[in-house]
Amino acid sequence: MAKLYFYYASMNAGKSTTLLQADFNYRERGMHTMLWTAQLDDRGADKAIESRIGLGAEAHRYGKATDLWADVMASHRVEPLDCVLIDEAQFLSKEQVWQCARLADEGGIPVLCYGLRTDFQGELFPGSAALLGIADALVELKAVCHCGRKATMNLRVDESGAAVKQGAQTEIGGNDRYVALCRKHFSEALAG
Ligand SMILES: Nc1ncnc2c1ncn2[C@@H]1O[C@H](COP(=O)(O)OP(=O)(O)O)[C@@H](O)[C@H]1O
Ligand SMILES: Cc1cn([C@H]2C[C@H](O)[C@@H](COP(=O)(O)O)O2)c(=O)[nH]c1=O
Ligand SMILES: [Zn+2]
């Protein structure tokens, strides 16, 4: 039976890299994949999905109105898909996560989602909450804090490097705006 996977981590843990490696692995065996990433996460990169290690690939972009079940099944009917890979899965809606589950259960297509667990305030994103609730397999990828502990949290910083405590949940950015930290150092940074 096809499964719904959630590979979750803090920022800078290698989520996009791992997605691109998994995609390569399918394709080098002659299998067909479909890649997706969030429309709103457009960091002006050359490729839709880019890892900090330099790998990249084109991908379909999902927005609020995207019906992943309909779009993926339409493609699957033209050329059977062996796997669907979704980056920035924290930005999926709950409904879209259920569409992913349906792709696995009724469509028979494995769906591999990669995303953040929590935001800069330690709150679950909607997509992450739904995936943690219903995915068949939860796999934690790991980044390292400056102290050597596992970095599970994402600190948002301003232009001067100071911790940001309040704000909108969504704010696109990279290493300039976020620092992956262990919970202890995340708490200390927010308390300071
Ligand atoms: N030149 C490099 N060689 C090896 N690893 C690198 C290089 N540049 C960045 N990395 C590593 O790549 C990881 C970030 O990968 P990425 O897939 O962009 O993360 P994520 O999608 O989780 O934010 C970090 O662990 C970083 O240390
Ligand atoms: C913590 C946090 C992150 N984001 C955004 C910032 C980036 O654009 C993406 C995550 O990118 P990754 O390196 O591929 O993991 O999410 C956000 O909007 N709000 C947050 O709280
Ligand atoms: Zn630490």
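Asp23 is buried, at 2% relative accessibility, where buried means under 20% relative accessible area, exposed over 50% and partly exposed in between, with a 1.4 Å probe and protein chains only. Hi everyone, let me start from that residue.

A word on the model: it is a predicted one, so local features need pLDDT of at least 70, side-chain atom pairs count only at pLDDT 80 or more, and totals for chains, interfaces and linings use all residues. Residues are numbered from 1 along each chain as its sequence is written, chains are lettered from A and ligands numbered from 1 in the order in which they are written, and side-chain values use heavy atoms, leaving out hydrogens and water.

Now, which residue forms a salt bridge with Asp23? That is Arg27, with the closest N and O atoms 2.9 Å apart; a salt bridge here is a side-chain nitrogen of Lys or Arg within 4 Å of a carboxyl oxygen of Asp or Glu. Arg27 is partly exposed, at 44%.

Lys184 is partly exposed at 43%, and Glu188 is partly exposed at 43%.

Arg102 and Glu106 pair at 3.2 Å, with Glu106 exposed at 58%. Finally, Arg156, Glu171 and Arg177 are linked in a network of salt bridges. The count comes to 7 salt bridges.
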